[in-house]
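Biologist: I'm new to this one and would like to learn how to read it. Could you walk me through it, feature by feature?

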Amino acid sequence: MARMVKCVKLSKELPAIKWKPWEDELGQRIYDNVSQDAWKMWLEHSKMLINEYRLDLMSPKAQQILREQCEQYFFGEGSALPPDYVAPKAK
């Protein structure tokens, strides 16, 4: 049976993510409070951030930006969309 958490993003009891994304306090908070469904939502959001901001994931600055956005996404006011972001039109 999957480990369950009360998901901070979706506000209900759901299967938890299976691993800590980082070996630090933020990684532990995510592991303890984020569901697999919410993590998948974050991954899609993070792809948009990487593309819109043209982040080089090898750069420590880019990694820090993503970590800050991740923390805001789950535990803050939510991750802000880039200023010039235009959502793709539904087909």
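**Starting from one residue**

Modeller: Let's begin with Gln-36, which counts as buried because its relative accessibility is 17%, under the 20% cut-off. Keep in mind that this is a predicted model.

Biologist: Where is Gln-36 placed?

Modeller: Gln-36 sits in helix α2.

Biologist: And which residues is Gln-36 in contact with, leaving aside its neighbours within four places in sequence?

Modeller: With those neighbours set aside, Gln-36 touches Pro-15, Ala-16, Ile-17 and Lys-18.

Biologist: Let's zoom out. How many helices and strands are there in the chain?

Modeller: You'll find 3 helices and 2 strands. Going along the sequence, they come in the pattern β-β-α-α-α.

Biologist: How much of the chain is buried?

Modeller: Of the 91 residues in the chain, 31% are buried.

Biologist: How should I read a nonpolar core?

Modeller: The general idea is that nonpolar side chains in soluble globular proteins tend to be buried together. In this structure, the largest nonpolar core has 17 residues. Those with the most contacts inside this core are Ile-30, Val-34, Trp-39, Trp-42, Cys-70 and Phe-74. The elements that give two or more residues to the core are α1 (25-33), α2 and α3.

Biologist: Pick one of those for me. What is Trp-39 in contact with, apart from its neighbours within four places in sequence?

Modeller: Trp-39 is in contact with Ile-17, Trp-19, Pro-21, Ile-30, Val-34, Cys-70 and Phe-74, leaving those neighbours aside.

Biologist: What about contacts across the whole chain?

Modeller: Take the contacts between residues at least 6 apart in sequence: 51% of them join residues at least 24 apart.

Biologist: How does the lining of the largest pocket split by class?

Modeller: By class, the lining has 8 nonpolar, 2 polar and 1 charged residues.

Note on methods:
Residues numbered from 1 in each chain as written. Predicted model: local features only at pLDDT ≥ 70, side-chain atom pairs only at ≥ 80, totals over all residues. Heavy atoms only, no water. Nonpolar A, V, L, I, M, F, W, Y, C, P; charged D, E, K, R; others polar. Core = buried A, V, L, I, M, F, W, Y, C linked by side-chain atoms within 4.5 Å. Buried < 20%, exposed > 50% of the residue type's maximum accessible area, 1.4 Å probe, protein only. Helix = DSSP H or I, 4+ residues; strand = E, 2+ residues; numbered from the N terminus. Contact = heavy atoms within 4.5 Å.
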